[in-house]
There are 2 protein chains.
Amino acid sequence: MVIGGDAAGMAAASQARRRRAPDDLEIVAIERGGYTSYSACGIPYWIGGDVEGPDALVARTPEVFERDFSIGVRLHTEATGLDLDRCEVHLRTPDGSSEKLGYDSLVIATGSVPVRLDLPGADAAGIFGVQTLDDGVAVRAAVQAGARRAVVIGGGYIGVEMAEAMVNRNIDVTLVEQAPEPMATLDPDMGRLVREAMTGMGITVRSGEQVLAFETSDGRVSGVRTGRGVVETDLVVLGIGVRPNTGLAADAGLPLGVAGALRVDVRGRVLGAENVWAAGDCVESFDLVSRRPVHVPLGTHANKQGRVVGINLGGGYATFPGVVRTAVSKVCALEIARTGLLERDASAIGYRFLTATVKSTTRAGYFPGAQPIVTKLIAEKRSGRLLGAQIVGNEGAAKRIDALAVALWNGMSVEQMTGLDLSYAPPFAPVWDPVLIAARKAAEAVEADLVADPGAGQAPSPGTE
Amino acid sequence: MVIGGDAAGMAAASQARRRRAPDDLEIVAIERGGYTSYSACGIPYWIGGDVEGPDALVARTPEVFERDFSIGVRLHTEATGLDLDRCEVHLRTPDGSSEKLGYDSLVIATGSVPVRLDLPGADAAGIFGVQTLDDGVAVRAAVQAGARRAVVIGGGYIGVEMAEAMVNRNIDVTLVEQAPEPMATLDPDMGRLVREAMTGMGITVRSGEQVLAFETSDGRVSGVRTGRGVVETDLVVLGIGVRPNTGLAADAGLPLGVAGALRVDVRGRVLGAENVWAAGDCVESFDLVSRRPVHVPLGTHANKQGRVVGINLGGGYATFPGVVRTAVSKVCALEIARTGLLERDASAIGYRFLTATVKSTTRAGYFPGAQPIVTKLIAEKRSGRLLGAQIVGNEGAAKRIDALAVALWNGMSVEQMTGLDLSYAPPFAPVWDPVLIAARKAAEAVEADLVADPGAGQAPSPGTE
């Protein structure tokens with residue numbers, strides 16, 4: 001039995017089916033909402049009108065799972081309890097009645113839920129999370145009902161993407177962010193570039209402001225009160241993050257770790273539970289750079305983790321190695337990407353580091369369509385090991401994070417990276433790709449630091465023996 | 001003294017100057033042509049009208065080198081002889097007179113020259129190489145003089161880029177390629193995709209045809225005779241490759257290796273010569289995958305090698321680690337990239353391998369502007385080590401080669417690559433990036449091959465002990 005019919009759960013189900021036939025393994029998936037295997041990441045683009053929806057966002061419908069994979073799907077069915085001793089899941093069926101369903105193996109893929117603000121007025125109509133396709137249906141209806149003003153709370157991925165969606169719908173949008181700069185998944189110096197670009201797009205960015213309450217009128221939200229006043233609005237989108245949806249698992253005594261996410265082994269088995277597996281937004285991942293468990297709720301990990309669990313459930317062997325926290329987003333023409341540690345992460349772990357930030361172009365400077373790109377690298381002192389990278393730029397900028405993510409994954413130093421054989425032709429890069437320029441500058445910083453402060457290293461200073 | 005005023009030579013000169021002041025190190029660069037530090041890779045785009053030229057293609061003029069770097073540049077001055085014992089270079093000056101100039105350290109950065117065909121009529125006017133900015137001036141003049149038809153001989157990078165340039169100039173263009181498919185820097189199955197796309201752009205592609213002679217009229221080329229007939233034309237562009245311009249070095253007894261390129265150590269010093277350095281198209285590189293010396297005349301290597309030589313000349317320490325043969329190109333909307341070994345390279349070295357080719361899209365399938373991308377991976381049998389990768393696709397496809405190049409550089413297996421944390425968001429990739437899908441398919445092929453043919457490995461077959 002699979003609880004949760006989106007990316008992780010259905011990837012697990014499909015992979016298990018590839019290895020075990022229906023007469024060998026019966027598979028049923030329970031889904032609280034009305035859709036399976038959909039791209040939650042596509043919701044902002046559907047609301048913004050870039051893509052059709054909701055059907056276009058569904059990779060495989062329940063009918064396809066039933067017909068082509070012999071996987072049963074029960075929509076609008078919620079798991080309300082887990083009895084691990086009896087291997088039973090308690091369900092609330094679409095008609096509201098209760099049911100118990102037994103399993104031999106269980107996959108928990110319950111995902112995450114948007115963090116909601118425990119503030120006056122927070123339950124008013126017109127305040128939306130953006131997590132499920134059903135959420136998307138609700139926001140889109142509000143937009144189409146004629147909203148003229150929107151407030152997005154939180155300047156992370158969902159926040160900036162929803163801000164773009166509202167701009168595309170000609171809705172006046174205000175982004176409220178508690179941190180000094182939006183996009184707190186970047187260092188503040190890079191987040192500043194995002195704020196400046198968003199402001200240039202006509203988005204009102206109120207960063208460094210805390211939301212105190214929601215103003216309401218007839219039970220609907222009419223304004224957002226911050227420490228600096230009230231922003232009147234027709235709707236509010238919450239983009240302040242998500243938390244693992246693990247209440248059910250916790251009640252059953254399963255082990256929770258970082259941020260309340262389920263703890264699993266490298267194959268995706270829940271720690272201490274023989275026949276319970278978990279994948280996706282509801283589980284911890286291992287951060288290969290910080291060497292600590294982290295909660296990184298992204299669709300790409302959900303798919304990989306689901307596949308790993310499915311292979312193992314199907315009798316094969318696969319592991320999920322971990323993450324380096326790569327992520328990419330855009331707000332209108334501005335592309336934003338990161339991998340590895342931010343400065344504050346590196347400091348918290350105890351690393352000493354140097355940074356290098358370079359401005360360059362995505363193509364040869366003389367080539368039409370060359371766009372600005374700012375690349376920042378964080379490298380460990382002395383060793384020069386790459387610890388993290390961030391990119392802010394226009395078209396063609398962000399996907400360069402992948403080469404940096406692979407370098408990071410392999411523990412390369414910035415000096416080693418200066419030699420990397422990256423592709424060059426004038427329509428694709430300057431002759432020194434921005435990644436290489438940044439590596440050069442970072443390597444020079446590491447070397448200069450050693451020269452300037454030799455006593456900070458392990459070697460005794462010359463002559464101090 | 002630096003012989004050759006383009007990328008490698010001037011990068012060496014600039015880096016040496018950064019470390020040693022003019023009163024400590026006098027630097028003079030000899031350049032046969034009329035320009036310094038120009039982007040030869042930009043010439044096709046200048047001829048095609050995408051970029052201005054020739055000045056826009058010059059990164060730094062002789063005046064800038066003189067004024068800002070105290071580097072003397074002597075244009076239209078050709079080195080005609082090297083006397084290594086006396087540390088003198090024999091020069092032919094712009095007025096045709098001879099001169100000898102002494103040096104303490106010499107940097108040979110003489111680049112490469114287009115391979116010319118030793119065929120009847122090959123000396124006719126209207127047959128052009130495309131190697132120097134002066135070549136570009138000549139081709140552009142021929143185009144502007146009203147050429148209506150062009151033949152490009154050779155379907156490599158320069159060939160396909162020049163074909164695009166002619167298309168952009170509304171010139172009827174025929175590409176003649178001796179190999180079965182154009183773009184012989186790809187495997188034929190990927191080259192076929194290039195041929196089909198070029199044909200769709202209105203380019204006549206005659207692959208598998210050998211040029212036998214040039215037809216001439218009044219000393220000008222008027223046609224290209226192949227094994228299958230005559231193609232009438234107003235001009236011919238040679239894109240059949242380049243060879244290292246090392247006659248001078250060979251005459252002086254310096255050691256030549258692959259393809260007649262100069263042999264250098266990791267710091268760029270010519271083997272056996274204490275005070276002679278070399279960089280760029282005239283030197284060998286080490287191929288990190290095949291573990292053999294290769295000749296890879298690309299601007300990106302020329303810049304890196306020149307920088308390394310300059311640092312060493314300036315009293316520092318730097319090495320050029322080698323190449324993995326990454327390259328990228330485009331012809332109109334079609335993007336083409338490769339890294340590592342082709343199938344024929346892998347076979348020649350003795351590798352046994354498996355391939356996986358996947359069709360996907362550059363963005364989420366439902367996202368506007370999602371473009372087709374075909375990714376091919378070559379992986380060693382048993383170990384699954386990535387040996388090479390090729391990409392053919394439309395906008396957003398080719399730069400993905402960089403992540404593959406970094407994986408290759410680090411010796412990753414395709415199984416390891418399935419876990420890579422590459423960036424995902426619908427405007428940038430499908431939830432499984434094409435790179436990851438290809439890695440999955442290749443890893444499955446490696447595993448299936450082991451299962452199907454366990455005796456082919458090192459382990460004795462079960463039960464055969």
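Student: Through what do the copies meet, and why?

Tutor: Start with contact, which means heavy atoms within 4.5 Å. Of the interface residues of chain A, 98% are also interface residues in chain B, so the copies meet through the same surface. The contact takes 62 residues from chain A and 61 residues from chain B.

Student: What kind of model is this, and which features does it report?

Tutor: This is a predicted model; local features need pLDDT of at least 70, side-chain atom pairs count only at pLDDT 80 or more, and totals for chains, interfaces and linings use all residues. Residues are numbered from 1 along each chain as its sequence is written, chains are lettered from A and ligands numbered from 1 in the order in which they are written, and side-chain values use heavy atoms, with hydrogens and water left out.

Student: What is the mean pLDDT of chain A?

Tutor: pLDDT is the predictor's confidence in each residue, from 0 to 100. Where it is low, the predicted coordinates should not be read in detail. Chain A has a mean pLDDT of 95, and 98% of its residues reach 70 or more. The model scores ipTM 0.95 and pTM 0.96.

Student: How are chain A and chain B superposed?

Tutor: Superposition is by least squares on the C-alpha atoms of residues with pLDDT of at least 70 in both copies. Here a rotation of 180° with 0.0 Å of shift along its axis puts chain A on chain B, with RMSD 0.0 Å. The two copies are thus related as by a two-fold rotation axis. Of the residues of chain A, A:Ala403 comes closest to that axis, its C-alpha at 2.1 Å.

Student: What area is buried between chain A and chain B?

Tutor: Buried area is the accessible area (1.4 Å probe) that two parts lose on being put together, summed over both. Between these chains the figure is about 5200 Å², and carbon and sulfur atoms give 63% of that. In chain A, the residues that lose the most area to chain B are A:Tyr366, A:Asp421 and A:Phe428, together 15% of what that side buries.

Student: How many salt bridges are found across the interface?

Tutor: A salt bridge is a side-chain nitrogen of Lys or Arg within 4 Å of a carboxyl oxygen of Asp or Glu. The rule finds four across the interface of chain A and chain B. One of them joins A:Arg18 and B:Glu444 (3.7 Å, N to O).

Student: Which elements of chain A touch chain B?

Tutor: Helices (H or I, at least four residues) and strands (E, at least two) are DSSP runs, numbered from the N terminus. On the side of chain A that touches chain B, α1 (7-19), α8 (299-313), β21 (327-331), α10 (401-409) and α12 (434-452) each supply at least two residues. The largest share, seven residues, comes from α10(A).

Student: Which salt bridge has its two residues in chain A?

Tutor: A:Lys376 and A:Glu343 form one, at 2.6 Å, N to O. A:Lys376 lies in strand β24 (residues 372-380) and A:Glu343 in helix α9 (residues 343-349) of chain A, so the pair ties together parts that are 33 residues apart in sequence.

Student: Where is the peptide bond cis in chain A?

Tutor: Most residues other than glycine have a negative phi, and most peptide bonds are trans. The bond from A:Gly53 to A:Pro54 is cis, with omega near -5°. A:Pro54 sits in the loop between α2 (43-48) and α3 (62-69) of chain A. In chain B, the bond from B:Gly53 to B:Pro54 is cis, with omega near -10°.

Student: What is the phi of A:Arg325?

Tutor: Phi there is near 65°, a positive value in a residue other than glycine. A:Arg325 is in the loop between α8 and β21 of chain A.
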